[in-house]
Amino acid sequence: MTNTPTAAPVSPAGAADPSRWLRAHHPRASAAARLVCFPHAGGAANAFTGLSAALPEDVELLAVQYPGRQDRRGEPCAQDLSELASGVTEALAGYGDRPLFLLGHSMGALVAFETARLLEERGTVARLFVSAARPPAQDWQEPDLALVGDEELTAGLRRLGGIPEPLLADPEIAAEILRLLRADHRALLRHRCAPDTRVAAPVTVLLASADPKNSLEQMADWARHTAGGHEIAALSGGHFSLLERPGESAPPLTRRIREDLARPAAAATSGASAAPDAQPLADLVRELMLEGLAGRTPRLSTDLTALEAAAGEVMAPEAFAYVSGTAGSGATGRANRTAFDRRRLVPRMLRGTRRTDTSVTLFGQRLPAPVLLAPLAAQQVAHPEGESATARAAAATGVPMVLSTFASRTLEEVAGAAGDHPRWFQLYLPSDRAVGESLVRRAEASGYGAIVVTVDATHLGFRPAELDSGYSPFLRGTGIANFTGDPAFRAGLPADADTTQAVLRWAQISTDPTLTWEDLAWLRGLTRLPLLVKGVLHPDDARLALEHGADGVVVSTHGGRQLDGGVSSLDALPAVRAAVGPHVPVLMDSGVRTGSDVVKALALGADAVLYGRPYVYGLGLDGQRGVEHVLRCLLTDLGLALALTGCASLADVGPHLLANGDRR
């Protein structure tokens with residue numbers, strides 16, 4: 001670390017001498033928003049030079065300079081993080097002309113959090129980004145660096161990364177780094193925060209995949225420190241990924257900033273009745289084209305129908321067979337796609353659809369789009385983080401997740417990953433009713449907003465791809481976490497039961513081939529959550545579901561995995577809608593791949609769709625980031641499909657969008 005500032009101090013008119021605290025590496029007078037960045041322990045304002053350069057022209061980065069370093073070396077280091085927060089808050093007094101976004105890295109996340117609290121006494125912070133930092137009320141379990149020798153501390157810095165080796169090898173510079181690190185660390189150790197302390201601003205947690213100091217489970221607790229919503233975004237790399245990979249860090253930051261800026265603009269241009277979720281069209285398209293100008297192309301294809309083949313190249317053959325396989329000859333799976341391909345949308349022109357409102361209300365809850373992630377089991381076969389990565393991606397893109405009973409992560413773990421984001425729980429009703437009741441109670445306690453009981457898999461379909469490979473993830477212990485972690489399930493096992501015994505008990509009670517409609521009535525009496533029946537294709541079954549307590553139905557062929565040669569979901573949809581009437585929520589799945597597919601399903605009577613295999617292919621290809629990519633592509637395609645058919649909102653969608661012969 002040197003004593004030379006890397007950027008000129010900034011001092012807007014009317015501010016209380018902010019030049020001591022703020023540095024603009026790349027001043028942008030016409031920027032629409034400012035991102036104020038707080039460095040890590042031992043760090044300085046120049047840590048954010050690369051990120052500043054990587055941001056687009058409409059975002060100006062202001063880096064915070066703590067006292068005691070570089071051009072402020074003559075000042076004593078802060079004794080407490082609250083001193084730093086107070087100083088930055090005063091320095092930002094003259095910066096109220098544009099939205100402020102705060103970003104803190106490691107220790108800087110706590111300073112940013114405290115600054116956000118102080119700024120909210122004067123106005124609002126648009127969003128708080130936190131990187132590589134445990135939540136403020138957690139014990140960071142940091143040692144007292146005053147008791148750690150120079151050699152040991154330097155070795156630890158080398159393991160963590162973030163400081164170039166030539167700097168650590170220079171005795172004078174290394175001594176300065178250690179001095180600052182110990183001083184900042186003393187302030188960190190003094191910091192205290194009550195568990196119920198919250199900011200009003202939404203919080204985005206940036207979690208690096210290979211960070212040795214922070215885990216997903218630790219990051220989940222940030223949700224309790226915000227009243228504005230919480231999401232987790234994945235970065236590749238280690239603890240200092242944010243700073244070492246500015247080219248990768250800037251796009252997710254920029255995307256979120258622009259989305260936050262767009263929301264009030266949408267309301268202003270569309271009037272008071274405009275939906276808050278209405279988004280400008282084709283942001284993803286423009287973003288990718290601009291990336292192309294810089295010579296960068298997407299990591300994954302934007303063709304959502306091409307992901308299956310791509311996933312087949314990287315996933316283990318038996319895992320891919322499990323995810324992609326269908327029943328028998330595959331006729332039902334093919335029929336699902338043929339039904340969508342057979343129907344044609346009719347575009348309408350000059351309808352003034354600058355923006356489209358894709359929001360929908362289901363069971364009293366406003367959702368940003370008529371899309372939920374379908375319950376797919378044992379997602380750890382696609383990626384080590386399984387459903388936890390999917391839940392984070394769902395939260396980041398605004399798409400609710402329906403978690404499978406047969407998940408590879410417990411419903412409590414997935415709830416932690418999802419934070420405050422809406423989620424539903426899919427239930428295979430076990431033959432052991434005590435276990436079924438326990439699963440429902442756990443879902444209620446963990447914030448799941450609905451129960452989706454699947455009725456079309458009381459017998460496992462004949463699936464050659466799985467049979468030929470002799471592969472079942474469940475018999476290998478993957479996909480039964482909700483059972484092995486359940487007290488009622490464990491009560492049926494010996495105290496010293498091993499994995500084999502747990503798997504055998506799961507196989508005995510996990511589903512019940514004797515189920516009747518009366519069992520649905522029993523389940524209805526068990527919970528007040530909305531109850532949907534999934535797997536309905538016959539209109540009489542839809543009526544029976546309602547008669548026995550269901551609040552809605554899901555028209556589904558189980559992705560073509562159960563009955564070979566069956567009717568497609570899309571073909572069955574109109575009759576089910578007619579049977580239940582216009583006011584009962586009807587969802588559908590099986591065969592949905594594109595935004596146009598979603599519009600076709602809505603036109604034939606669905607209120608929303610469950611989206612399945614493509615997001616699991618994205619998970620297998622690139623983890624959380626892959627799922628986010630798939631969902632952003634789908635939602636962009638959906639918005640454009642609505643606009644191109646002349647629809648400003650879902651209320652405009654109906655059979656009239658389809659060519660005359662395709663309206664059934």
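**Cysteines and conventions**

Select Cys-193 to begin: its relative accessibility is 15%, so Cys-193 counts as buried (buried means under 20% relative accessible area, exposed over 50%, and partly exposed in between, with a 1.4 Å probe and protein chains only). Select Cys-633 next; at 7% relative accessibility this residue is buried as well. The structure holds 0 disulfides, a disulfide being a pair of cysteine sulfur atoms within 2.5 Å.

The model is predicted: local features need pLDDT of at least 70, side-chain atom pairs count only at pLDDT 80 or more, and totals for chains, interfaces and linings use all residues. Residues are numbered from 1 along each chain as its sequence is written, and side-chain values use heavy atoms, with hydrogens and water left out.

**The sheet**

An open sheet of mixed pairing is formed by 7 strands, in the order β1-β3-β2-β4-β5-β6-β7. Its edge strands are β1 (22–23) and β7, each of which pairs on one side only. Strands (E, at least two residues) and helices (H or I, at least four) are DSSP runs, numbered from the N terminus; two strands pair if DSSP finds at least two bridges between them. Strands of a sheet pair through backbone hydrogen bonds, either parallel or antiparallel.

Select residues 203–208, which make up strand β6; β6 and β7 pair in the parallel sense over 6 bridges. Within this pairing, Val-205 has Ile-232 in β7 as its bridge partner. How many residues of β7 are buried? Strand β7 is mostly covered, with 5 of its 6 residues buried.

Move to strand β2 (residues 33–38), which pairs with β3 in the parallel sense over 5 bridges. Leu-35 has Leu-61 in β3 as its bridge partner.

**Glu-60 in strand β3**

Select Glu-60, which lies in strand β3 (residues 59–64). Is Glu-60 buried or exposed? Its relative accessibility is 8%, so Glu-60 counts as buried. The side chains of Glu-60 and Arg-34 are joined by a polar contact of 3.0 Å. A polar contact is a pair of N or O atoms within 3.5 Å; within protein, one must be able to donate a hydrogen and the other to accept it, and residues adjacent in sequence count only if both atoms are side-chain atoms. Residues up to four places away in sequence aside, Glu-60 touches several residues, including His-26, Arg-28, Arg-34 and Leu-35 (contact means heavy atoms within 4.5 Å).

**Aromatic pairs**

Display the rings of Phe, Tyr and Trp. Rings of these residues (for Trp, the six-membered ring) pair if their centres lie within 6.5 Å; planes under 30 degrees apart count as stacked, over 60 as edge-to-face and the rest as tilted. By this rule the count comes to 11 aromatic pairs.

Select Phe-113 and Trp-222, an edge-to-face pair at 6.0 Å centre to centre with 70 degrees between the planes. Phe-113 lies in helix α3 (residues 107–119) and Trp-222 in the loop between α7 (216–219) and β7 (230–235), so the pair ties together parts that are 109 residues apart in sequence. Phe-113 is buried at 0% relative accessibility, and Trp-222 is buried at 0%.

Then select Phe-474 and Trp-506, a stacked pair at 5.2 Å centre to centre with 25 degrees between the planes. Phe-474 is in the loop between α17 (464–469) and α18 (481–484), whereas Trp-506 is in helix α20 (residues 499–509), 32 residues apart. Phe-474 is buried at 10% relative accessibility, and Trp-506 is buried at 8%.

**Charges over rings**

Select Arg-72 and Trp-21: Arg-72 lies over the face of Trp-21, at 4.2 Å from the ring centre. A charge sits over a ring if NZ of Lys or CZ of Arg is within 6 Å of the ring centre and within 35 degrees of the ring normal. Arg-433 lies over the face of Trp-522, at 5.5 Å from the ring centre.

**Two helix stops**

Select Ala-393 in helix α14 (residues 386–397); Ala-393 is buried at 0% relative accessibility. Not counting residues up to four places away in sequence, Ala-393 touches Gln-624, Val-627, Glu-628 and Leu-631.

Finish at Glu-547 in helix α22 (residues 539–547), where a relative accessibility of 59% makes Glu-547 exposed. Glu-547 and Trp-517 are 30 residues apart in sequence and 9.1 Å apart in space, C-alpha to C-alpha.
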